[in-house]
Amino acid sequence: MSNTLNELTRALAPLAQQNDHTGDWPIESLDVLTRHGCWRWMIPAEFGGDGLNPTQLIQGYEAIARGCMNTTLIFTQHDAAVDLIVTGDNEEMKERLCPRLATGELLLTVGISQLTTSRQGGEPAMRATWDSQRTRFTGEMPWATSAAKVDAFVTGGVMDDGRQILACVRADTPGITAGPPMNVAALQATWTTAVRCDNVVAETADIIRGPIKRVLAIRGTVRPMVVSATGVGLAGAMLDLIRDIAPKRSPELRSFADRISHHYDRVRRDLYAAADALSDPLADTPSSVIRASVNDLLVRLATVTVTIAKGSGYLKTHPAQRLAREALFFLVWSAPDSVQVQTLEHLLV
């Protein structure tokens with residue numbers, strides 16, 4: 001990573017344990033992102049952003065995750081919302097919102113798991129009705145990070161004919177109700193919760209795309225690799241701790257630190273090889289294979305980290321315990337069945 005990204009990691013890392021311990025909204029960590037210009041990364045240059053390419057974005061996500069996973073989840077969910085706006089069909093929305101997003105003036109999040117991995121197979125979790133003038137949403141976003149703090153949600157619903165529609169709705173729109181933060185095993189400071197929509201109105205100016213059959217089919221090329229990038233960042237944080245503790249342990253235990261370090265290097269190389277290929281529209285990017293490899297690495301690193309930390313690593317106040325809990329989040333974060341099956345195949349060999 002570049003010196004600038006290393007500085008970003010170092011600025012976030014001292015705040016990670018505090019964010020995990022208190023569960024308070026991590027305003028200090030978000031200020032770090034502002035000082036380092038991170039909000040500009042996803043925004044095209046024409047709107048005052050940096051317009052980073054996929055490899056540069058992955059480097060940035062890795063750096064943030066190596067410093068603080070709470071901050072990472074907030075930021076990546078914001079960037080996912082920005083990505084949908086930037087790749088969407090509403091040019092007026094881009095001109096209206098992107099300059100403000102580039103400065104960090106607005107915080108967004110996505111509430112789209114009802115269209116991807118949550119509550120699939122039954123009745124749609126979010127219904128949409130559309131009359132060419134406005135759209136009304138009724139239902140639930142099962143998972144929305146930063147729900148009580150954002151300025152707007154990017155969310156979607158399913159119409160009676162199966163078509164989907166995607167919109168950016170202000171958080172203060174009548175009918176939106178964010179529940180209290182969920183009591184999760186890790187990442188409590190992200191204030192993730194379910195958000196209820198009761199006849200929430202989105203005007204024409206709020207529509208990003210749709211109604212069409214697969215409203216999320218067009219997204220930035222980097223999106224399938226974002227979770228893997230942050231996983232490699234978290235793996236790097238665990239490896240940093242292992243390397244700090246390992247010299248104090250027996251030669252036999254130190255050898256495990258060396259072996260897992262080689263495993264980490266292989267997975268990270270695969271990630272960046274795939275990232276470099278994202279700019280080639282003809283390349284076949286094995287994003288699900290890499291994701292499963294990252295999951296496997298994280299579970300193994302969590303085991304090594306807690307083991308080498310000895311009994312202290314089982315205390316919630318020890319960084320090893322936080323890192324291990326954060327690693328397990330990747331087993332469920334935006335993980336379709338195909339990724340879960342590949343992950344378990346890795347682990348059960």
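**Figure 1. The side chains of Arg-127 and Asp-160 form a salt bridge, with N and O 3.5 Å apart.** A salt bridge is counted where a side-chain nitrogen of Lys or Arg lies within 4 Å of a carboxyl oxygen of Asp or Glu. Arg-127 belongs to strand β2 (residues 126-130) and Asp-160 to the loop between β4 (152-158) and β5 (164-170), so the contact ties together parts that are 33 residues apart in sequence. Helices (H or I, at least four residues) and strands (E, at least two) are DSSP runs, numbered from the N terminus. Arg-127 is partly exposed at 29% relative accessibility, whereas Asp-160 is exposed at 72%. Here buried means under 20% relative accessible area, exposed over 50%, and partly exposed in between (1.4 Å probe, protein chains only). The model is predicted: local features need pLDDT of at least 70, side-chain atom pairs count only at pLDDT 80 or more, and totals for chains, interfaces and linings use all residues. Residues are numbered from 1 along each chain as its sequence is written, and side-chain values use heavy atoms, with hydrogens and water left out.

**Figure 2. Strands β2 and β3 pair in the antiparallel sense over five bridges.** Two strands are taken to pair if DSSP finds at least two bridges between them. Arg-127, the residue of the salt bridge with Asp-160, stands opposite Thr-138 in β3. The two strands form a hairpin with three residues between them. In the turn, Ser-132 has a positive phi of about 75°.

**Figure 3. Strand β7 (residues 193-203) pairs with strand β3 (residues 134-144) in the antiparallel sense.** Eight bridges join β3 and β7, and Thr-135 stands opposite Ala-202 in β7. Strand β6 (residues 176-178) also runs antiparallel to β7, with three bridges between them. In that pairing Thr-177 stands opposite Arg-196 of β7.

**Figure 4. Arg-325 and Asp-20 meet through their side chains in a salt bridge of 2.9 Å, N to O.** This pair links distant parts of the chain, with Arg-325 in helix α10 (residues 319-329) and Asp-20 in helix α1 (residues 3-22), 305 residues apart. Arg-325 is buried, its relative accessible area being 14%. Asp-20 also counts as buried, at 14% relative accessibility. The structure holds 15 salt bridges.

**Figure 5. A salt bridge joins Arg-40 and Asp-50, whose closest N and O atoms are 3.3 Å apart.** Both Arg-40 and Asp-50 lie in the loop between α2 (27-35) and α3 (54-67), 10 residues apart. Arg-40 is partly exposed at 34% relative accessibility. Asp-50 is likewise partly exposed, with a relative accessible area of 34%.

**Figure 6. The axes of helix α4 (residues 69-86) and helix α5 (residues 91-102) come within 10 Å and cross at roughly 150°.** The crossing angle therefore makes α4 roughly antiparallel to α5. Angles under 35 degrees count as roughly parallel, over 145 as roughly antiparallel, 65 to 115 as roughly perpendicular, and the rest as oblique. Axes are lines fitted to C-alpha atoms, for helices over the stretch in contact, and angles run from 0 to 180 degrees between N-to-C directions. The passage of α4 over α5 is a left-handed crossing. A crossing is left-handed if the near helix is turned anticlockwise from the far one by less than a right angle, and right-handed if clockwise.

**Figure 7. Helices α7 and α9 pack at an angle of about 20°, their axes 9 Å apart.** This angle makes α7 roughly parallel to α9, and α7 passes α9 in a left-handed crossing. Ala-235 is found in helix α7 and counts as buried, at 0% relative accessibility. Between the C-alpha atoms of Ala-235 and Thr-204 there are 43 Å in space, for 31 residues in sequence.

**Figure 8. Helix α9 (residues 287-308) has its end C-alpha atoms 31 Å apart.** At 1.5 Å a residue, its 22 residues should span 32 Å, which agrees. The expected span is 1.5 Å times one less than the number of residues in the helix. Just after α9, Lys-310 takes a positive phi of about 60°.

**Figure 9. Ser-250 is placed in the loop between α7 (226-245) and α8 (251-277).** Ser-250 is partly exposed, at 28% relative accessibility. The C-alpha atoms of Ser-250 and Gln-18 are separated by 31 Å, and these residues are 232 residues apart along the chain.
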